[in-house]
Amino acid sequence: ELCGLSKTFTLGGGLFRRGRALGAVSDVSLRIPRGQVMGLVGESGCGKSTLAKMLLGLTTPSEGDVLVDGRPLRGASQKALARRIQPIFQDPYSSLNPRKRIAQIVGLPLQVHGIGTSREQAARVAETLDVVGLPRRAADQFPGQLSGGQRQRVAIARALIMRPDIVICDEPTSALDVSVQAQILNLLLDLKAEFGLTYLFISHDLAVVEHLVDRVAVMYLGRIVEEGTREQIFAAPRHPYTRALLDSALTPEPGLGVPDIGLGDTMPDPSDPPAGCAFHPRCPKAQAICRQQRPRLEAFRDDSTRVACHLA
Ligand code: SF4
Ligand code: MG
């Protein structure tokens, strides 16, 4: 459970401008039910990866808390809880040490945490390579000898070897060929069922998460603008930004065929977000009030949807 999580970076002042605060993540509250897949979707730079880093303890929140089973991910309980949350990052080319053999890469978390004898560690590595569908001989190979899909299986094995409860997947398929993406997504779904995992699945692409998620949270410039069930988000999106993301997902080549509402434009400067609703400069429905008042993320009474839009 994310409770009012914020992260503010301070940019250094340049010759012509004073240092100012960059609100990378602003007041994000989100519950991820056990055993479910929560999709977190938004354009690059919207704060998704910063959010992931706070969940992994790689970045300290400026405000707010992360709770696991009601216990805060800081102080005395931090170390024990942090083990239960493991990451799978985007790029299997840069996240694996090219000079280490696969068995060393996958077994490293066990060494770091001093879990088991070296024989037990080797057995668990072999077992985990099986689980992710890698051949035993991969253990003695180097990352450079494997395909992109195989490397991502190594990264998944490295996350699973700690037997986590929660896996943070940050764009785990976006560096892979389309033909390999589906295999990795199916593997992640199989592993979730087998080990009862809970996923936060981060993507810039709604289409990628459609067949994977139970719920979706949509982020824009550091804030959640809509959250709901998969059915609701894909069939009846309430926020104009969610609609625009769905439209762009339907366009094979962005900007062709489907009416362009302007998502091809660059995002506003995140260090200086627009006043009122931060989406208003790009929103086809913007009214006068949108330029003045920021809409609150509010729950609908009829279901578990939340949306931040004056017109929703
Ligand atoms: Fe568009 Fe206004 Fe809703 Fe923002 S609040 S998404 S600008 S209609
Ligand atoms: Mg990112």
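Predicted model: local features only at pLDDT ≥ 70, side-chain atom pairs only at ≥ 80, totals over all residues.
Which strands does helix α6 lie across?

Residues are numbered from 1 along each chain as its sequence is written, chains are lettered from A and ligands numbered from 1 in the order in which they are written, and side-chain values use heavy atoms, without hydrogens and water.

Start with the sheet. Eight strands make an open sheet, ordered β6-β7-β8-β3-β9-β10-β12-β11, with mixed pairing. β6 (85–88) and β11 (298–299) are at the edges with a single partner strand each, so one side of each has no neighbour in the sheet. Strands (E, at least two residues) and helices (H or I, at least four) are DSSP runs, numbered from the N terminus. Two strands pair if DSSP finds at least two bridges between them.

Look inside the sheet. β7 (166–170) and β8 (198–203) run parallel, with five bridges. There, I168 has L200 in β8 as its bridge partner.

Now the helices. Helix α6 (178–195) lies across β3, β6 and β8, at about 160° to β8. Helix α1 (48–55) lies across β3, β6, β7, β8 and β9, at about 150° to β8. Contact means heavy atoms within 4.5 Å. Axes are lines fitted to C-alpha atoms, for helices over the stretch in contact, and angles run from 0 to 180 degrees between N-to-C directions.

Next, a hairpin. β4 (63–68) and β5 (71–72) are antiparallel, joined by two bridges. V68 is partnered with R71 in β5. Two residues lie between the strands, and D69 in the turn has a positive phi of about 50°.

Last, ligand 1. It is surrounded by 13 residues, the closest being C277, C283, C290, C309 and H310. Near means a heavy atom within 4 Å.
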